[in-house]
Amino acid sequence: MESFTLTQQLLQFMVTGLTIGSIYAMVAIGFNIIYNVTEVLNLAQGEFVMLGGLIMVSLHVALGLPLVAAFAATVATVTVVGMLLDRLAIRPVRQPTVMSLIIATVAASMIFKGLAMLIWGKNPYDLPAFSGREPILLGGLVIQSQYLWVIGFMVLVTVLLALFFNRTILGKAMRACSDNGAAARLVGINTQQMVLLAFAVSAAIGAVAGITLTPIALMDYDRGAMLAIKGFAAAILGGLGSFPGAILGGIILGLIESYGAGLLLSGYKDAYALIVLLLVLFLRPSGILGGMAAARSKRV
Amino acid sequence: MSKTAAPLLAIEQLTAGYGPITAIKGVSLAVTAGQVVSIIGANGAGKTTLLKAVSGMNRATRGRIVFNGREITRLAADRIVSLGLSQVAEGRQIFAHMSVADNIELGAYLFHRQRKRQLIDEGKEAVYTMFPVLAKRAGQIAGTLSGGEQQMLAIARALMARPTLLLLDEPSMGLAPLIVRDIFRTIEQLHAGGTTILLVEQNARAALQVADYAYVLETGRVVLEGPARQLADDPKVKRAYLGIG
Ligand SMILES: Nc1ncnc2c1ncn2[C@@H]1O[C@H](COP(=O)(O)OP(=O)(O)O)[C@@H](O)[C@H]1O
Ligand SMILES: [Mg+2]
């Protein structure tokens, strides 16, 4: 088993791509939730991922909280951070235009990054893999078990969100806000509450992405911006606002990165996302699943 | 109209507009419980602005709005709905990307939050009985309904909140004559069932026919008011709004 065949190697890249793509998909879903309710691109979305990873390290590794408890506490903490972002940076904006709100999220992301550097310093942190580092051998493939956790959590997040948006009245109320904000108020929906909820849910998903990613890729204070860009590229690629699009876009982007780094130039790993982003914006700005028949909900 | 009992809705000297534009100036009107009151007026007279001020979608700059004995002038729109005042907005404003059933479900959003399951189920039964076509199309995306069906959906959604007062902003706008007749029949039906309605219309003839009392709005001011029957006989109204004489 010293040398892999080409097929095995291609499959290996695919698994890596699916894993990284799942992270991008989660970031992209977070973008879409806030975008659909507010039309704001929350450029601090990547900071939720960074905070998820680092807070998890502190609770699980430094404080020794058991995995599940630390996981739950981390998600809860980052959720509160997301709500604070809405209350302290978004809602107080005096003349809220989409542009001024986006700038507020950029400012917030710099503040998060600065605070993270003060708290955790500049070194990257590791986190134990959820079920050990013993790789799983599968038909000649070597798969880190943590990869499966990442993909599994992406699937879980997707299923839970689908249930939330289609089966619960709060989820429907959030869709109503993105469908027609004025009408939402007329049926008694407090739209500010829905915006707060959107930030909370997005932050929670970002935290899950960060917690599951850290055992694979480590985490440091400076990772948020790049993750935000990748997630944004995935959201644009899939069609901004579309959840199936976010997953598709994330996976495609992950695969491009994985194969690009493995077969072409590994040094340009981060450039692939930007190239994809630019190509989509030039060729098909509505993305893969964007701008379908108007009758179909573009939001869900 | 009896002036002794306090009206369900009282608008006093209301001024409202958009930034520097004043669209209504010192408008006063009253709606007695159980009645249909119509506001007629040409395009741009300020009818929509007035209704939006009542429903909390647009702030009044001066004056007072009292609903059911409580001042609502500065309340948020979602609070006003919870007090029993629902608006069917101009242009229907349904949730176009959502299903008919979801639109109706969301009409009862407040009852969902209060876990009043029974009120929701009763409401659904009532609106589906009133508009059988909506039951037939429950699973369809609302944006694919015909104009008339969308208007019925907008009314059904508003009724799900069990309003004491229903505001209707030009429900007949852009609809074929046969459908318009259906809509006005619905209004009569609601009236007979005891719902109080404040109706805004450019279709003055039909609006005066269903109403007990009416107001004429011109460039943001009330220029005429009276029992609807009396107004329909008024020579000025006949000439300007009914195309007679
Ligand atoms: N969003 C708006 N911004 C600025 N002016 C408006 C707006 N909506 C309506 N107006 C103006 O306010 C006046 C009253 O409009 P409106 O209340 O819509 O009249 P109506 O419903 O009777 O047709 C009109 O002169 C209209 O041009
Ligand atoms: Mg109007």
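Buried area is the accessible area (1.4 Å probe) that two parts lose on being put together, summed over both. The model shown is predicted, with local features needing pLDDT of at least 70 and side-chain atom pairs counted only at pLDDT 80 or more, while totals for chains, interfaces and linings use all residues. Residues are numbered from 1 along each chain as its sequence is written, and side-chain values use heavy atoms, without hydrogens and water.

**View 1. The interface of chain B and chain A.** Between chain B and chain A about 2200 Å² is buried, and carbon and sulfur atoms give 62% of this area. Contact (heavy atoms within 4.5 Å) joins 25 residues of chain B to 24 residues of chain A.

**View 2. Salt bridge between Asp102(B) and Arg175(A).** The two side chains meet at 3.8 Å, N to O. A salt bridge is a side-chain nitrogen of Lys or Arg within 4 Å of a carboxyl oxygen of Asp or Glu; chain B and chain A have 2 between them. On the side of chain B that touches chain A, helices H2 (77-82), H3 (100-107) and H4 (109-113) of chain B each give two or more residues. Helices are DSSP runs (H or I, at least four residues), numbered from the N terminus.

**View 3. Surroundings of Ile33(A) in the largest nonpolar core.** A nonpolar core is a set of buried (under 20% relative accessible area, 1.4 Å probe, protein chains only) Ala, Val, Leu, Ile, Met, Phe, Trp, Tyr and Cys residues joined through side-chain atoms within 4.5 Å. The largest has 95 residues, and Ile33(A), Ile189(A) and Leu106(B) have the most contacts inside it. Not counting residues up to four places away in sequence, Ile33(A) touches residues including Leu161(A), Phe165(A), Met174(A) and Phe243(A).

Methods:
Chains lettered and ligands numbered in written order. Buried < 20%, exposed > 50% of the residue type's maximum accessible area, 1.4 Å probe, protein only.
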